[in-house]
Amino acid sequence: MTAPYDLAGVGIGPFNLSLAALGDGVPGMRALFLDAKPAFSWHPGLLVEGTVLQVPFLADLVTMADPTSPWSYLNYLRSHDRMFPFFFSERFHIPRREYDHYCRWVAERLPSCRFDAQVTALEWDGAAGAFALTYRSAAGAVSRAHARRVVLGVGTAPVVPEPLRPLLGGAHAGRVLHSADYRAHRAALAAAPDVTVVGAGQSGAEIVLDLLRHQDGRGHGGPYVRWLARTPAFAPMEYSKLGLEHFTPDYVRYFRHLPEAARDRLVREQWQLYKGVSGETLGDIHDELYERTIGGAEPRAALHPGVEVVAAAERDDGYALTCRHREQGTTFEVRTSAVVLATGYAAARPAFLEPLAELVDWDERGRYQVDGDYRVALDPRVPGELYVQNAETHTHGVGAPDLTLGAWRAATILNAAAGRTVVPVPARAAWTTFGAPEPPPPAEPALTGSEARSEGSAR
């Protein structure tokens with residue numbers, strides 16, 4: 001057996017790719033990152049032309065932790081002779097398609113990244129004193145590697161409301177689908193007579209806008225577009241400068257030390273921090289609808305906030321959705337020919353973790369217990385270290401899935417794994433004081449007149 005790797009990552013999405021980039025070339029850090037896909041790919045079902053990242057380009061893989069890294073977005077532009085076009089475009093939020101291409105450019109050049117390598121088992125090998133990772137290629141070749149530390153960056157799984165789960169796949173494929181698969185079925189949906197989009201986040205808004213744009217300027221052609229959402233409004237994402245300080249290390253440190261019940265409540269209440277829609281997208285939807293009313297016409301669209309789907313069934317050549325208005329308590333039925341579920345994503349326990357599951361110290365709800373360095377609590381019999389990325393919203397707050405904190409979190413993990421400061425991280429990053437302020441230092445006693453004169457003469 002060859003010597004164990006110092007660090008192994010399972011999954012190569014933006015977060016583990018950030019860790020691989022920051023760790024590239026670090027002395028004494030031998031790393032391996034594995035992913036089942038044949039090449040890097042980031043939410044391919046949502047890479048629709050015209051969509052942009054919801055965070056500035058500085059939230060790339062490395063810049064917020066190490067702006068001197070050769071793996072920055074600006075160096076990517078330089079390598080593709082795009083610096084001047086980018087400068088003149090005056091973009092702060094870049095196209096999603098370009099972010100995907102940038103990440104692929106990094107992944108293809110990092111020697112630690114290995115694709116077509118699906119991890120099928122992760123276990124603790126006591127004899128080797130390391131984790132054992134079993135992985136296989138699409139052709140069926142099985143390999144095995146050992147690592148002292150493992151970072152889980154497997155991403156999140158699509159969330160599908162219970163009433164609609166029986167309608168996914170099979171004969172319904174392409175007519176009832178999660179937004180993760182939208183691009184693959186975009187043309188067929190645009191040709192459908194009626195499409196219902198469920199979910200009020202950015203993905204849902206972008207799909208609604210895209211379908212509206214398949215109608216002509218007077219609303220003819222394309223599908224009738226219906227938008228349903230459980231949230232009480234189609235609300236903009238919180239994007240004020242001080243509001244964004246919830247995506248800083250300061251807020252993460254504050255959130256971690258709150259009681260579990262308070263953390264769970266805050267994640268639900270702070271939905272506009274991470275589930276809202278950009279104001280620009282909401283404005284574009286309004287403009288499209290306004291255009292349809294010129295000359296007295298009615299838009300071929302309907303927007304229904306505060307509504308949840310409680311039942312669904314196949315009817316004739318489409319579907320019947322039983323909906324409940326959450327504030328009125330009333331129910332109504334919607335008939336539609338297709339349904340797109342923009343209902344988000346959630347962390348899920350990967351199947352390959354089962355051999356190790358009994359050695360993980362889960363909380364009462366079956367979630368990872370994660371410390372300040374993103375290290376998972378394990379049985380004391382396991383001296384190795386297991387870390388997670390984007391599976392710790394319940395312990396670290398709403399910034400867990402946000403790209404803004406990606407490089408900082410990767411640097412935190414890298415420093416912990418190396419046992420030294422490889423990439424410095426800021427002690428403070430926010431103006432806001434989260435939580436009660438520290439008591440001020442005690443004031444020095446005032447000097448008496450004679451003491452003041454004596455000190456003055458001594459000077």
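**Entry 1: serine 18**

I started with serine 18, which I found in helix α1, residues 14–23. A reminder to myself before going on: this is a predicted model. Is serine 18 buried or exposed? Its relative accessible area is 2%, and buried means under 20%, so I noted serine 18 as buried.

Next I looked up what surrounds it. Setting aside neighbours within four places in sequence, I found serine 18 in contact with Leu61, Gly406, Ala407 and Ala410.

**Entry 2: the nonpolar cores**

Then I turned to the largest nonpolar core, which has 83 residues. Which of them touch the most other members? I wrote down Leu17, Leu122, Val150, Leu152 and Tyr368. Helix α12, residues 406–418, gives the most to this core, with 9 residues.

**Entry 3: helices α7 and α8**

I went on to a pair of helices, α7 (residues 249–256) and α8 (residues 260–269). Their axes come within 10 Å and cross at roughly 135°. What should I call that arrangement of α7 and α8? Angles over 145 degrees would count as roughly antiparallel and 65 to 115 as roughly perpendicular, so I put α7 and α8 down as oblique to each other.

Which residues make the contact? From α7 I noted Tyr251, Phe255 and Arg256, and from α8 Arg263, Leu266 and Val267. I sorted the residues of this contact into 4 nonpolar and 2 charged, with no polar ones.

Last, I looked at backbone angles. Most residues other than glycine have a negative phi, and here I looked up two residues that go the other way.

Histidine 43 is not a glycine, yet its phi is positive, about 45°. I located histidine 43 in the loop between β2 (31–34) and α2 (73–79). With a relative accessible area of 37%, histidine 43 is partly exposed.

Aspartate 81 is not a glycine either, and its phi is positive at about 55°. I placed aspartate 81 in the loop between α2 and α3 (83–89). How exposed is aspartate 81? Its relative accessible area is 69%, and exposed means over 50%, so I noted aspartate 81 as exposed.

How values were computed: Residues numbered from 1 in each chain as written. Predicted model: local features only at pLDDT ≥ 70, side-chain atom pairs only at ≥ 80, totals over all residues. Heavy atoms only, no water. Axes fitted to C-alpha atoms, helices over the stretch in contact; angles between N-to-C directions. Helix = DSSP H or I, 4+ residues; strand = E, 2+ residues; numbered from the N terminus. Parallel < 35°, antiparallel > 145°, perpendicular 65-115°, else oblique. Contact = heavy atoms within 4.5 Å. Nonpolar A, V, L, I, M, F, W, Y, C, P; charged D, E, K, R; others polar. Buried < 20%, exposed > 50% of the residue type's maximum accessible area, 1.4 Å probe, protein only. Core = buried A, V, L, I, M, F, W, Y, C linked by side-chain atoms within 4.5 Å.
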